[in-house]
Amino acid sequence: MRQHHRTPRLLGTLLLVAAAGFSVAGSAPAAAAKTASPLGQVVPAPASVDPGGSPYRITRDTRIRVDDSREVRQVGEYLAGILRPSTGYRLPVASQGGGGIRLRLGERSLGDEGYRLDSGRNGVTITAAAPAGLFHGVQTLRQLLPAAVEKNSVQPGPWLVAGGTIKDTPRYGYRGAMLDVSRHFFDVGQVKRYIDELALYKVNKLHLHLSDDQGWRIALDDWPRLTTYGGSTQVGGGRGGFYTKAQYTEIVRYAASRHLEVVPEIDMPGHTNAALASYAELNCDGTAPPLYTGTDVGFSSLCVGKPVTYDFVDDVIRELAALTPGRYLHIGGDEAHSTSHADYVAFMDKVQPVVAKYGKTVIGWHQLTGATPAKGALAQYWGLDDTSAAEKAQVVKAAQNGTGLVLSPADRIYLDMKYTADTPLGQDWAGLVEVRRAYDWDPGTYLAGAPGASIRGVEAPLWTETIVTGADIDYMVFPRLPGVAELGWSPASTHDWDTYKVRLAAQGPRWEARGIRYYRSPRFPGPVRR
């Protein structure tokens, strides 16, 4: 079928008209609009938007019809769970009978995550090749409904979905966000909330930074003191915490129900003080250092020359791989300032095969390219725009030799960077990162010389030296995360700040309805303005 690609200028005209009626900052989300939101008013921007025809109205007679499979029914029940509290409607989910909303598998050309959404007077049909695509289509559907759909109490409606067709597939297969639970610990409920926020914007990877100098957060049978002692504190001296195997499994399960893959990270050979403090034998001199609650980096290292180090690494990777059904296992590798270059290379040469032995693919921070990345490995680039040419060249050479890249430039999409100099949370070592800076770059051209096929996607890390509560997470993540999600999902042809900022501003009432305390940037029209 012929696809109709909207130019950014035309789409922007539609959205600017829609933005004129938005509520001002600080007000409660307005009652649902009497007309449907424009079909393209979605973040991330869809690949193809063809508006037209009558809208569909969800009523008390609406049913959700699903294919007769467990996975499709799960997506249907998820959708019903979103819609029932705010509409007050029963919205039964069934594989038989009529229904105003239909979820169906088909159209293999859409890939594992693409979808097609058709809306008209008689209903809405979301078609995908796989359940993940249906799930992403559901996120588009909920954004086409009034923001009040996100509330947990009955709202007045009407619940209109604009008529037309969206056909959508992602630009990159890796669209991630990282949560550092080592500097400050976040419990299972807080992680689940974060997962739900990521899912709304079609993020499909949750990178959990599970170990660092300040805390070890995953319980392992063979090395129990890693958590009972190494996980007992955090930055500033709080009580820390850790996940039992059952709790970690619950996080993995919950993420999978939102079609996110958990990527666990055990940082090594540096960032290891929590482990070194827990087991003296991991230190070259056999003496355990004290627990650490500060924020300095680069002072710790596993003892590369000791055989017990590799017994430890093998045990940790074996147990963690058994708990993690996803493809990847992250081994860190950054800021190993206390490890000589020769020792670093020797360490990575020994550790990467261990990851492969237990059926996982290596991811490491881009310093891994200073060693020899394993075949199929991914390097996560966290440099700056002004990182030295030599360091960039090293990464580009690895990419030219087959290493995949996940881009996380710190002065673009580190979510712990301050928005402005007076932002109460965050750091500024990589600079100030306002919302436009986080959005206004192209992953496909960011590292000159890196083959286009080497760019596997993007990831927005949130380090937590200054992040203590769930509200802190929300404030630093929103409104920057949706822009990163759009960089990962949407075609480069849709990339346009002037149209994006209007679509993003329309998300403000949605965040308010969900109880998200976000940074109110002065750069936006409407509800996100100070």
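This is a predicted model: local features need pLDDT of at least 70, side-chain atom pairs count only at pLDDT 80 or more; totals for chains, interfaces and linings use all residues.
Biologist: How far apart do the C-alpha centres of domain 1 and domain 2 lie?

Modeller: The chain is divided into domain 1, covering 48–168, and domain 2, covering 174–489. Between them there is a contact to which domain 1 gives 14 residues and domain 2 gives ten residues. The C-alpha centres of these two domains are separated by 35 Å.

Biologist: Which residues in domain 1 lose the most area to domain 2?

Modeller: The two domains bury about 1,000 Å² between them, and 58% of this lies on carbon and sulfur atoms. On the side of domain 1, three residues together account for 42% of what that side buries, and they are Glu113, Phe135 and His136.

Biologist: Which residue forms a salt bridge with Glu113?

Modeller: Across the interface of domain 1 and domain 2 the rule finds one salt bridge, while the count of residue pairs in polar contact between these domains is five. A salt bridge requires a side-chain nitrogen of Lys or Arg within 4 Å of a carboxyl oxygen of Asp or Glu. In the pair that includes Glu113 the closest N and O atoms are 2.8 Å apart, and the partner is Arg175.

Biologist: Which element gives the most to the side of domain 1 that touches domain 2?

Modeller: Two elements give two or more residues to that side of domain 1, namely helix H2 (70–87) and helix H3 (131–144). The residues of the side divide into six nonpolar, four polar and four charged. The element that gives the most, with eight residues, is H3.

Biologist: Where does Pro158 lie, given that a cis peptide bond joins Gly157 and Pro158?

Modeller: Omega of the bond between Gly157 and Pro158 is about 0 degrees, and the bond is cis. As for its place in the chain, Pro158 lies in the loop between H3 and strand S8 (159–161).

Biologist: What is the value of omega for the peptide bond from Phe478 to Pro479?

Modeller: Pro479 is placed in the loop between helix H13 (470–477) and helix H14 (481–489). The peptide bond that leads from Phe478 to Pro479 is cis, and its omega is near 15 degrees.

Biologist: What is the value of phi for Lys202?

Modeller: Lys202 has its place in the loop between helix H4 (188–199) and strand S11 (205–209). Lys202 is a residue other than glycine, yet its phi is positive, with a value near 65 degrees.

Methods. Residues are numbered from 1 along each chain as its sequence is written. Side-chain values use heavy atoms; hydrogens and water are left out. Domain bounds come from an automatic or database domain assignment. Contact means heavy atoms within 4.5 Å. Buried area is the accessible area (1.4 Å probe) that two parts lose on being put together, summed over both. A polar contact is a pair of N or O atoms within 3.5 Å; within protein, one must be able to donate a hydrogen and the other to accept it, and residues adjacent in sequence count only if both atoms are side-chain atoms. Helices (H or I, at least four residues) and strands (E, at least two) are DSSP runs, numbered from the N terminus. Ala, Val, Leu, Ile, Met, Phe, Trp, Tyr, Cys and Pro count as nonpolar, Asp, Glu, Lys and Arg as charged, and the others, Gly among them, as polar.
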